[in-house]
Amino acid sequence: MDAQTPAPAGHPRRWAILGVLVISLLVVVLDNTILNVALRTIADPQHGLGATQGQLEWAINSYTLVFAGLLFTAGILADRLGRRITLVTGLVIFGLASLISSYADSAGQLIAARALMGLGAAAVMPATLSIIANVFDPKERPRAIGIWAGAVGLAVAVGPILGGLLLEHFWWGSVFLINVPVVVAGVVLVLTLVPESRNPRPGRIDIAGVLLSIVGLSLLTYGVIEGGEAGFGDPRAWGTLAGAVVVLAAFIAWQLRIDFPSLDVRLFRNATFSASTGIIGLVFFAAMGAMFFGAFYLQLVRGYGPLASGALFVPFAVGQLVFAPRSAAMVKRFGPKAVSTVGLLLVAAGLAVWTFVGQSTPIWVVGAAFFVMGVGMANVMPPATESIMAALPREKAGVGSAVSNTIRQLGGALGVAVLGAVLSSVYRSDLGSATDGLPAGAADAARESISGAYGVAEQAGAAGAALIRSANAAFLDAMHYAAIGSMVFAVLGALVALVWLPGRRPASAPKPTPAEGLAEEQGVELVEA
């Protein structure tokens, strides 16, 4: 399309379609936010599954790794077979896997069922964003993506409260069972309102690339978790990480050789595209790691129940819900460089607060830190996502969505794994001699995690209070180190945005053509949005 040709008009039902896509997105994001509140209950041997910290991390990461590994294929299938049928298939798989998760009898069964949920989510997420790219014209797309991102904030707000209510009245499996009615409603609405769309020139499916990406990402995250459990000097840790590097290098080399790659790595030669994907990964690395240790702090160290601790995540969600839909106007006025840089610095500021949080810190301080992080995320995700989607033509929207969601999920998975490893290592080191005198099994459980220490303390009689004090002190110190790590990655993201994202295009600048590249395409959005 040349510079004089007007952009294609949007679908007449595009705003109703966006509402349906938001519902489809909510069920996927809702599940992960509910799971954060349920972690302590699932770790409880009596009321849950007695999961260790490593198993809890895998309950999160088994989902994420399958999701991230299959997003490339899901994006290609959506563009090839049809985005609506891919979305419906993903919702059905996600609903069935949620039903299986709710009745799991062991941590191993839950991890396997969560992996199946990741398979369904891999079909849902790229389909929602690629349908938005196809039913909205370029003038309205940034606003639609802002609302789409704001829906994440809504899910983050509803999830912890809903999870807390369910856990206070029902068994832990109810946090997964709640997905089923939402899935049913989503499937009916998608089939009723969403039009089918596909790429008229689909590419072949890169089976070898998919397998390499799944193996490489799985080895990478397993190596990080194993390093936290056994130390990074353990051969299982560094050997697995070395294997991950080899497999991922082979994946990149293969993508460069073939004509139908799962991920066209040549896209990353564009500085703006690379920076946009990079800051998405970095901000989710920082934020998801903080959510992981924040849940344990609120429920164990502070003693809040699932509902109260869930309510304390609401400020984070409110910040996203309020500010994400307004991000397009902010980008138009100030440019993606300024908006994204400030957003990442706000995330870093919220994380900095956690380095000073203690056992008696006023709880409003924690809520304020979450709110600042939410406002920051709201001004990072929409402009970065729009930059990625603007780099590709509409018929390749599934691939663009897959890139955005893969980097987001991979960043979150590695954030939980790396910061969970830091948390475990520092906690065990600081706990020191507090477990001396305990039976071997009890001592191992107390050193495994703070949840284990609380479980041992309940059976330890008079010695339990001293163990709790030592465990709380060790966990707080570990949490401070993890918060520093999160903050560093958020600041790194701000530097990436400051250096490589485009600034504000002057209103008088000539309108560029799509062939001029991603920065120019972003400029069109800034002028016309």
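Colleague: How many helices and strands does the protein have?
Modeller: This is a predicted model, where local features need pLDDT of at least 70, side-chain atom pairs count only at pLDDT 80 or more, and totals for chains, interfaces and linings use all residues. Residues are numbered from 1 along each chain as its sequence is written, and side-chain values use heavy atoms, with hydrogens and water left out. Helices are DSSP runs of H or I with at least four residues, strands are runs of E with at least two, and both are numbered from the N terminus. On that basis the protein has 21 helices and 0 strands.

Colleague: What percentage of the residues count as buried?
Modeller: Buried means under 20% relative accessible area, exposed is over 50%, and partly exposed lies in between (1.4 Å probe, protein chains only). Of the 529 residues, the share that counts as buried is 56%.

Colleague: Which residues have the most contacts inside the largest nonpolar core?
Modeller: A nonpolar core is a set of buried Ala, Val, Leu, Ile, Met, Phe, Trp, Tyr and Cys residues joined through side-chain atoms within 4.5 Å. The largest one has 141 residues, and helix 10 (residues 271-301) gives the largest share of it, 20 residues. The residues with the most contacts inside this core are Tyr297 and Trp354.

Colleague: How do helix 10 and helix 15 run, roughly parallel or roughly antiparallel?
Modeller: Axes are lines fitted to C-alpha atoms, for helices over the stretch in contact, and angles run from 0 to 180 degrees between N-to-C directions. Here the axes of helix 10 and helix 15 (residues 363-378) come within 12 Å and cross at roughly 160°. Angles under 35 degrees count as roughly parallel, over 145 as roughly antiparallel, 65 to 115 as roughly perpendicular and the rest as oblique. That makes the pair roughly antiparallel.

Colleague: Is serine 101 buried or exposed?
Modeller: Serine 101 sits in helix 3 (residues 83-102). Contact means heavy atoms within 4.5 Å, and, not counting residues up to four places away in sequence, serine 101 touches Leu110, Ala113, Arg114, Met117, Trp172 and Phe176. Its relative accessible area is 0%, so serine 101 is buried.

Colleague: And what does isoleucine 178 count as?
Modeller: You'll find isoleucine 178 in the loop between helix 6 (174-177) and helix 7 (179-193). Leaving out residues up to four places away in sequence, isoleucine 178 touches Ile34, Leu162 and Leu166. Its relative accessibility is 24%, so isoleucine 178 counts as partly exposed.
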